[in-house]
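Subject: Structure handover

Dear colleague,

Here is the structure I said I would pass on. My notes on it follow below the model.

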Amino acid sequence: MTEPTTAPASGLAAPHAVGALPNWAPVWASRMVESLASGTATVFLLHGNTNDFVALGGTPSRYGQLNAFLAEQMFGRYELVMHYDLARGLMPFAGTNAKRLQGMVPVAAQERVGRDEVGAEPAQVFAAMDALFRRLILRPAETRPSVALIIDQASFLFPAGEPGRLSYQASGMLVTLLNWAQSPHLKSMDVAIVLIDERRGDISDRIVGHPHVVSVEVPMPDIAERERYLWALVPDGANGALPAPDRLATLTAGLSLGNLRALSLPSLRGGAPLDDARLTAIKKELLEKQCQGLVEFIEPKWGLDTVVGLDAAKGRLREDSKLLATGGLDCLPMGYLICGPVGTGKSFLMQCAAGEFGVPCLMLRNFRSKYVGETEGNLERVLTVLRSMGPVLVVIDEADAMLGDRDQENDPTGSRTFAMVATQMGDTRYRGRIIWALLTARPDLLPVDLKRQGRAEVHIPLFYPNDESELKSMAVAMARKLGAKLAPEDVPAMKQVGSLSGSDVEGMIGRALRMSRLGGADRITKEALAEVVADFLPSTQGLERRLQELAAVLECTDRAFLPKWALDRVAKQEGRAELQAEFTELRLRLEGR
């Protein structure tokens, strides 16, 4: 640590106990140091990857909890560091430095803020610390001790919710904290209050949105941090149980250091070596657990060659795959909107695209919760992991229902989650690193904020196959997808059955496979498939399908993606206006107006 910062000559005395951080300290900590050193903030909210290991320094490198880093490095020169959570109460805290802790205990007792004097009850703790701060204000500057207060699991003290519904004591604690945040006297002293909680959405909006509270996100570890941690686990870097630290750091993007430890230790302690297959399986499990089950990893089994038709769409995706492989991230779209009637293979297309891209593919699950603040916290956690993983393809199925809208008067939670996703989708710093794919049969229900250029930029419509050769190719491809054998010459004519979707074809192939197996054949027989096709009745939801087709045509951003019938309609003078009128009429009809 360097010498402490001295107070400026002006009347606004800046804190002097916080020194410059060592060069190995995390980047996010620099923001806190700047605010403390300049006297512009006293209260900080740390959120994000707050439950992970943090480097504590030393040789060999030591790692510990975030609160230990704050006590040993950020506030390493403070005379009194107090730690509080509901379980342990208020106590002096020096991280792993026992000698320094011994020096703090009498200071805490003298200032009447020790655990024996105060206990664990929150209102008493805040009253005692408030009394200490008021006493410090009245003392001469040269006699004031430097004081830091670290509050862990802060959402249990200041939960999200309407302030008017809090108890009298909880409201009093919240007001006390906000008074500390905006006090010019505390800002001119060596005083710091740090709230720690993994999910910012669980914290009261009065704190998160307060102009005098500095929110600092603790990100997931980057590749350099992961490699440093691996070198600490394996100092000589040579262990046959693990890949080399630099390679393993590259392969574990998105993992916390805690999960990296869980990934590595079994092999280091005599377990099976961590080969590529085992690494992929364990990483998938750890990342899903790290995201608290809110994402599902999709392991691509096919490339775009498996997709029948859609030549223009496949061509565009292959071009983007090439740009991704050659580092042309600035040329990639922020996201795709894949739209079209139900059963046209929207999910399948993106799974095949993920296989072509060669990047992890995640399906975002339902992150909504009935509890106040939990929905935003769930989404915040997922976004934190995504930002550390890139490049990654994020698929959101039924996006119109999942993401909500900005203007949901009866659902403020939906409005906030929509804003969080829209902000992340539009953050150009992550172009090519987080590639979004919004899937929906009703793109007209998606807010225009998400569909505009700069977010879901490329709109690819999908339609039902419209000629016999395409249906035959699709049948063969679906059989291959199911692991069955089917000769192209064994596929009967299908077009006369009616308007068939890709899922209809897959359903018929599945039935024919079942019938063939029951008949003792090891492949799909011509007779079984012919019987299934003859008996198949397609869905009668004709108006809904037509509405979804028109919506897909109207959303398309490139003429090359459109089939001939749609291109002919669009090419006509006033063609798009006629399509819009037809779409509106159908929608009103289906809504019963």
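What does the accessible surface of the protein come to, and what percentage of it belongs to carbon and sulfur atoms? The surface comes to about 27,000 Å², and 51% of it belongs to carbon and sulfur atoms; accessible areas come from the Shrake-Rupley method with a 1.4 Å probe, and for residues only the protein chains shown count as cover.

Before the details, two notes on the source. This is a predicted model, in which local features need pLDDT of at least 70 and side-chain atom pairs count only at pLDDT 80 or more, while totals for chains, interfaces and linings use all residues. Residues are numbered from 1 along each chain as its sequence is written, and side-chain values use heavy atoms, with hydrogens and water left out.

Overall picture

The protein has 593 residues, and 51% of them are buried (buried means under 20% relative accessible area, exposed over 50%, partly exposed in between, with a 1.4 Å probe and protein chains only). Along the principal axes, the C-alpha atoms fill a box of roughly 95 × 65 × 40 Å. The protein contains 24 helices and 14 strands; these are DSSP runs numbered from the N terminus, helices being H or I with at least four residues and strands E with at least two. Of the contacts between residues at least 6 apart in sequence, 73% join residues at least 24 apart (contact means heavy atoms within 4.5 Å).

There are 66 positive and 72 negative side chains, and the centres of the two sets lie 1 Å apart. Lys and Arg count as positive and Asp and Glu as negative, while His and the chain ends are not counted. The place of each charge is NZ of Lys, CZ of Arg, CG of Asp or CD of Glu.

The sheet with β1 and β4 to β8

An open sheet of six strands runs in the order β5-β4-β6-β7-β1-β8, with mixed pairing (two strands pair if DSSP finds at least two bridges between them). The edges are β5 (89-92) and β8 (213-218); each has a single partner strand, so one side of each has no neighbour in the sheet. On average, neighbouring strands here are turned by 20° against each other, direction ignored. For this and the other angles, axes are lines fitted to C-alpha atoms, for helices over the stretch in contact, and angles run from 0 to 180 degrees between N-to-C directions.

Within this sheet, β6 (residues 147-151) and β7 (residues 191-196) pair in the parallel sense over five bridges. Ala148 has Ala192 in β7 as its bridge partner. Helix α5 (residues 122-138) packs on the sheet and touches β4 (80-85), β5, β6 and β7; its direction makes about 160° with that of β6.

The sheet with β9 to β14

Another open sheet of six strands has the order β9-β11-β12-β13-β10-β14, again with mixed pairing. Here β9 (295-298) and β14 (458-461) stand at the edges, and each has a single partner strand, so one side of each is left without a neighbour in the sheet. The twist from one strand to the next averages 25°.

Where does β13 (residues 434-440) stand, buried or exposed? Seven of its seven residues are buried, so β13 is largely enclosed by the rest of the structure. Ile434, Trp436, Leu438 and Thr440 point one way from β13, and Ile435, Ala437 and Leu439 point the other way.

β13 runs parallel to β10 (residues 335-339), joined by five bridges, and Cys339 has Thr440 in β13 as its bridge partner. β12 (residues 392-396) also pairs with β13 in the parallel sense over five bridges, with Val394 opposite Trp436. By contrast, β9 and β11 (residues 361-364) pair in the antiparallel sense over four bridges, and Ile298 stands opposite Cys361 in β11.

Asp490 is found in the loop between α19 (468-481) and α20 (502-518). Asp490 is buried, with a relative accessible area of 17%. Leaving aside neighbours within four places in sequence, Asp490 is in contact with Arg523, Lys526 and Leu529.

Gln153 lies in the loop between β6 and α6 (168-182). Although not a glycine, Gln153 has a positive phi of about 50°, and at 40% relative accessibility it counts as partly exposed.

Glu398 is in the loop between β12 and α16 (399-403). Phi of Glu398 is near 50°, a positive value in a residue other than glycine, and Glu398 counts as partly exposed at 49% relative accessibility.

Regards
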